[in-house]
Amino acid sequence: MPRVKDNAFIINKTEYGESDLIITLFTAGRGKINTIGKGAKRSRRRFPGSLELFSRVAFNGFIKHPLALTRMDECQLIEPFTAIQEDLHSYFCGCYFLEIINRCCAERQANKALFNLLNDLFTFLATVPHNRNFNCRIRLFELQIITLLGFKPQLSSCLDCGCELDTGKYFNFSPQTGGLVCQSCQPRHPASFSVSRGTINMLNQAHRLDNELRNKLNFTPQVERESARLCRALLRWHSGYNFKSLKIMERYAENDLPVAKTEPALAMCQPKSYNK
Ligand SMILES: [Zn+2]
């Protein structure tokens, strides 16, 4: 009956019965795991304010069976990233990334680089003001997470016939193939859409940037829009899922959202329901 001790981020939580919680963690050593916190809704001694979304925690528990939920016995707060919860824009962006982890990560597959990226992302969301660079930085985080999940788009040649693609102002991106297709092959890819050369150049160079450059970068609105569309189409294709947090962010952008957080992240990020 192996004991588990690890650092983790709180990715999701669901009420289970009167006093228990199902808590999804993204851990440093084991990737995503679902845990059950017995009495977690009431015990402030074992879970002292440490079960809020985005929090970085140190937990210990045990795994009774490889296929069973890990039992969480204790959870201590390391970094709450409270500011994310206090700002609607940061909160919705953060929930979108939690939803990506919930939907696109397989359980118990360690990914230390992804753990470190979540730490960078939550630090950014908790500290950086919403200037013009904010949305560009979010696009870069989106691209980084896609790469770490293994969905990195192929953007140099046609993935259907293999021909080189180095001319033209616009290219066809096919989420189904995970990359570009040439004009001749495009009719076989009805879900493909047009992406400008500027966006393809940015996507090809983005993975070479260091954090200092990332924080200074500004894209044109067209590059930002196309990059978001491309990344989201890839995530939708791989997960087979329409992200609820994106719909809420779109409503927020259209100023059609109540100021209060009427749709808690728990409902947005819910990977599945547990019935007792
Ligand atoms: Zn082709």
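Two exercises with worked solutions follow.

The model is predicted: local features need pLDDT of at least 70, side-chain atom pairs count only at pLDDT 80 or more, and totals for chains, interfaces and linings use all residues. Residues are numbered from 1 along each chain as its sequence is written.

**Exercise 1.** State how α5 and α7 are oriented to each other, and which residues meet.

Solution. Helices here are DSSP runs of H or I with at least four residues, and strands are runs of E with at least two, numbered from the N terminus. Step 1: α5 covers residues 197-206 and α7 residues 221-239, and they pack at about 70° with axes 9 Å apart. Axes are lines fitted to C-alpha atoms, for helices over the stretch in contact, and angles run from 0 to 180 degrees between N-to-C directions. Step 2: the two helices are therefore roughly perpendicular (65 to 115 degrees). Step 3: Gly198, Thr199, Met202 and Leu203 of α5 meet Gln222, Val223, Glu226 and Ser227 of α7; contact requires C-beta atoms, placed from the backbone, within 7 Å.

**Exercise 2.** Determine whether Gln186 is buried, exposed or partly exposed, and locate this residue.

Solution. Step 1: Gln186 sits in the loop between β7 (179-181) and β8 (193-196). Step 2: the classes count other C-beta atoms, placed from the backbone, within 10 Å: 20 or more is buried, 12 or fewer exposed, and in between partly exposed. Step 3: Gln186 has 18 C-beta neighbours inside 10 Å, so this residue is partly exposed. Step 4: leaving out residues up to four places away in sequence, Gln186 touches Asn172, Val181 and Ser192.

Methods. Two residues are in contact if their C-beta atoms, placed from the backbone, lie within 7 Å. Angles under 35 degrees count as roughly parallel, over 145 as roughly antiparallel, 65 to 115 as roughly perpendicular and the rest as oblique.
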